[in-house]
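I write down each thing as I find it.

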Amino acid sequence: MTSSAIANALLRELSFCDDAARPADQPCAFAFALDFEPGLVWPDFAFDTSSPLAHYPAEARDEVRAIIGAVARLMGTKAPKALGFVNAHMKTALICKSDAIEGASSASNREVVGSCVLTNIHAPADSVLMCTEALAHETIHQYLYKTEVADGNFCDLTEVPTYRSPWTGNRIPLHSFVHACFVWYGLLTLWCQLYRQVGGPDQVSPVRDKASRAMFGFAFVRQMLASPAFPLTSVDPGIVAAIECIAGSMPTLDRADLEKSTLRDSLRRWESGDWAGQLATGLQQIAALAPA
Amino acid sequence: MTHAEPNLILLLYSDGSDPVARALIEQAARLRYELLAMSLSQLVDEARVGAVWKWGGRTIDPSRTALVNRLVFVETGDGAASFLESSFQYREFWTWLAGQMQRFAYVSSLPSPVSPLGSFGSLADQWSELPELIAGLRVPAHGPAASAHVLRGDVYVVNPWHLYSLGSRATMGRESVPRGHLAYVRPAGKLFHVAQVGSAIIAPNAPPHMHREQWHHVESFTRSMSALSSNRILEHAFFDSDEVPVFYSTCPVPVVTGRQPAYADFLVGGLNDDIKRHSERAAA
């Protein structure tokens, strides 16, 4: 497979904007195992995942199961391609709690392909959306790891130097930055899909806000790639082209509207407008136009 | 006049007390091109910012305008976004700015993911990235705050986003170190500051005993910054040293040198020169 074929496959597989309905034989449930008492010590982690102190007590586990069940129902009914994707690539989720991590968090590691750690997922007020994001995020990592094992790494795997993620602000190595571009692309397509499917402003607003956060980072990706500090030659050219394609597809304020309105009024209209729906259509086109 | 040469300088500012905005407004008559100063509220509530910008009866053609970006508000934190109605609008404003500013014939700094003013980020960013780009640049030995005990020397702990703080000596217990702080070995010498506009520099508080090699090191650093960086207006801090100076930070706001009487003259001359050179390169 050529590098552009791999990159195109990523654009297609990681796009969850899909009008197809859930197959009748696909249950609205996750297939991966929930491991509440992992024996595995997760590599390079903030706490010992095998410690009993990191395990939810038995009476607290139903709450976590309920959150994950709600995520499966949300994906199954509104974003079935995402549910199928998680079920295809995630095998086990280690379910932990810890004071060593502030709030809810999730993690993957290329040494443990097929598994992830979900920590403190009971904590946030919007636990279902948070867990939706975490599971999609970590499953995308599993897919990327598997692709790299099969077809070669997307870039140099050295841990230094590090670069600031335009999404999280964290300093991360080059390979994490490259993964982040595809993770945030996948998440963006998922939020756009949910935006089109959920009803009512109470549900639309948080989904649209998450899409906006995902979009924000892409506004700076091309600037980062062009920076003399960025080792562009250490990244597969097909992967670079795919990232540039994603970054170039982000919508911005309507210029025609700006000709006749103030910036404040345009921003108001933009916020309440259908930009996420238009973006969903644009993202679907990117995936559809990426040849096999 | 070449096609690429601007005929106007548009100053976008959010704080009239910013040394750069203040100096440009006060010294407008000495600039090579006419200055139009537009505040943040005028940008958001009055201007029409389409293919060309229209404001106060004026038409501003970005392709013929040098933009001086002094939208410094974000450095004060999230509360600074209160001029808009939601965090969504603020993010969209920020990304719109990032795209829009690239349309101008010259821009003094492009927005970055950490700042609409554009910057090299935190001390951690600067100490990690700049030595990779600029051969021979010395930065303090450093690591996460929790590693303070393994660093040797006069170890300080600092919030890496406070570019003008040296932090405090690392005497506290590890458990009380704030999250996200950085530990570093503070060099022995005093700090001095270098203002840079394009390739022009002044160092009003440079130690008088600096010898030629040390000064050459500073000049070499600023030449590299001028060549590498889209941030044209900067202030750098160095520790004086027996050997070559040790870089501490670079900031797009001239907090120290901007207070010097000579700064306004320096800024006007440096900006005139930088815009002219940029337009000559663009026309070549």
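The entries below go from the contact between the chains to the domains and then to single residues.

**Ground rules.** I am working with a predicted model, in which local features need pLDDT of at least 70 and side-chain atom pairs count only at pLDDT 80 or more, while totals for chains, interfaces and linings use all residues. Residues are numbered from 1 along each chain as its sequence is written, and chains are lettered from A and ligands numbered from 1 in the order in which they are written.

**Chain A against chain B.** I looked up the contacts first, where two residues are in contact if their C-beta atoms, placed from the backbone, lie within 7 Å. I found that 28 residues of chain A touch 33 residues of chain B in this sense. On the chain A side, the elements giving two or more residues are β5 (162–164), α6 (201–226), α8 (255–260) and α9 (263–272) of chain A, and α6(A) provides the largest share, with seven residues. Helices (H or I, at least four residues) and strands (E, at least two) are DSSP runs, numbered from the N terminus. I then sorted this side of chain A into twelve nonpolar, seven polar and nine charged residues, where Ala, Val, Leu, Ile, Met, Phe, Trp, Tyr, Cys and Pro count as nonpolar, Asp, Glu, Lys and Arg as charged, and the others, Gly among them, as polar.

**Domains of chain B.** I noted three domains in chain B, namely domain 1 (8–118), domain 2 (123–138 + 188–251) and domain 3 (142–185), with bounds that come from an automatic or database domain assignment. The centres of domain 2 and domain 3 of chain B, taken over C-alpha atoms, are 22 Å apart, and five residues of domain 2 are in contact with five residues of domain 3.

**Backbone of chain A.** I kept in mind that most residues other than glycine have a negative phi, and that most peptide bonds are trans. The bond from A:Val160 to A:Pro161 is cis, with omega near -5°, and A:Pro161 sits in the loop between α4 (127–151) and β5 of chain A.

Which residue other than glycine has a phi near 55°? I found that this is A:Asn120, in the loop between β4 (115–119) and α4 of chain A. A:Asn120 is buried because 22 other C-beta atoms lie within 10 Å; the cut-offs are 20 or more for buried, 12 or fewer for exposed, and partly exposed in between, with C-beta atoms placed from the backbone.
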